[in-house]
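Please examine the sequence and the model below before reading the notes on helix geometry and packing.

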Amino acid sequence: ARQHCCIDALLHGALIMRDESVIKFNIQWRDAPLEERDFEDFETLNACRNSLFDDFLIGYDQHLEVGFGNLSVRTNKRQFLISGTQTGHIPRLSLANYSLVKGYDISQNMLVCTGQSKASSESLTHAAVYECSKDIHWILHAHHAGMWKALMDKVPTSSPAVPYGTPEMALEIRRLYDSGGFRTVPIMVMAGHEDGIITYGKTCKEAYRVLKRHFDTVVRG
C-alpha cells in the first residue's frame, strides 16, 4: 500500500492516506475456521458486501495496488464479525474471508481475532463506532471519491490530521459522536483517509440505506 503525503503536507495538517491494507495495531490472530451456523447475520452481511462490491464502494484499486472498504456486524457486546484484510479484490467472499474480533483494547492499540483471515485494518475504527452506542449493530466502510468530496464538512467529518486504524481515530469518532453530529447523522467522512466514508445502523438496511441515498445523489444526481 502507498501513502500519498509528504512532510510539508503533514506539517500543514493535510495528511491524506490510502493504505487500506496496512494493519497498524498489534494483532493476536488465531487461524481457525469459523462456522456459519454460529453467525445468524452472515448471509445478510455477505449479501450487503456483494452490493457494495458491485457498486465499487468496496473493491481494489489497480492503479494504487490496494484494496479498500469493509463492513461488520456486532455479534455480542464486544465482539463483531468483519471482512478480512486484503480481501477487496475478491468479487464474492465466503466465511473464510471474514474474521471474528473477540477482543480489543483501543488505548493499547491491540486486537484479538480468529478466522481464516486476519481482521480488517479498520477493525479498531469499527470497535470505536460500536462503543458509541449499544444500538449500533452494523457498520459499513466504503470508498467513493465523489461522495467523499461532496460530503466533506457537510456531514460529520474527522480531522484530516487523523489517520485510519489508530487510537487517534477512535478518539476522533468519539468526539464526533459525543458532540451530537455523528449521533444524529449516521454517516461520517474520514478526511484523513482518502475517499473513506462510514455509515452505521441498528440494522443492515439502515446503514445501507444511508450510504445508498448519498451514493445515488452524487452518482445519479
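The model is predicted. Helix H5 covers residues 167–178, and its axis comes within 9 Å of that of H3. A second pair, helix H2 and helix H7, has axes that come within 11 Å.

**Helix H5**
- At 1.5 Å a residue, the twelve residues of H5 should span 16 Å, and the end C-alpha atoms are 16 Å apart, which agrees.
- The buried residues of H5 are Pro167, Met169, Ala170, Glu172, Ile173, Leu176 and Tyr177.
- An α-helix has 3.6 residues a turn, so residues three or four places apart point the same way.
- The cover over these buried residues includes helix H3 (123–132), helix H6 (181–184), strand S11 (187–189) and strand S12 (196–201).
- Gly180, which follows H5, has a positive phi near 100 degrees.

**H3 against H5**
- The two axes cross at roughly 30 degrees; H3 and H5 are therefore roughly parallel, the cut-off being under 35 degrees.
- The crossing of H3 past H5 is right-handed.
- H3 contributes Thr125, Ala128, Val129, Glu131 and Cys132 to the contact, and H5 contributes Met169, Ala170, Ile173, Arg174 and Tyr177.
- By class, this contact holds seven nonpolar, one polar and two charged residues.

**H2 against H7**
- The axes of H2 (residues 42–54) and H7 (residues 204–220) cross at roughly 10 degrees, which makes the helices roughly parallel.
- Thr44, Cys48, Ser51 and Leu52 of H2 meet Cys204, Tyr208 and Leu211 of H7.

Methods. Residues are numbered from 1 along each chain as its sequence is written. This is a predicted model: local features need pLDDT of at least 70, side-chain atom pairs count only at pLDDT 80 or more; totals for chains, interfaces and linings use all residues. Side-chain values use heavy atoms; hydrogens and water are left out. Helices (H or I, at least four residues) and strands (E, at least two) are DSSP runs, numbered from the N terminus. The expected span of a helix is 1.5 Å times one less than its number of residues. Buried means under 20% relative accessible area, exposed over 50%, partly exposed in between (1.4 Å probe, protein chains only). Contact means heavy atoms within 4.5 Å. Axes are lines fitted to C-alpha atoms, for helices over the stretch in contact, and angles run from 0 to 180 degrees between N-to-C directions. Angles under 35 degrees count as roughly parallel, over 145 as roughly antiparallel, 65 to 115 as roughly perpendicular and the rest as oblique. A crossing is left-handed if the near helix is turned anticlockwise from the far one by less than a right angle, and right-handed if clockwise. Ala, Val, Leu, Ile, Met, Phe, Trp, Tyr, Cys and Pro count as nonpolar, Asp, Glu, Lys and Arg as charged, and the others, Gly among them, as polar.
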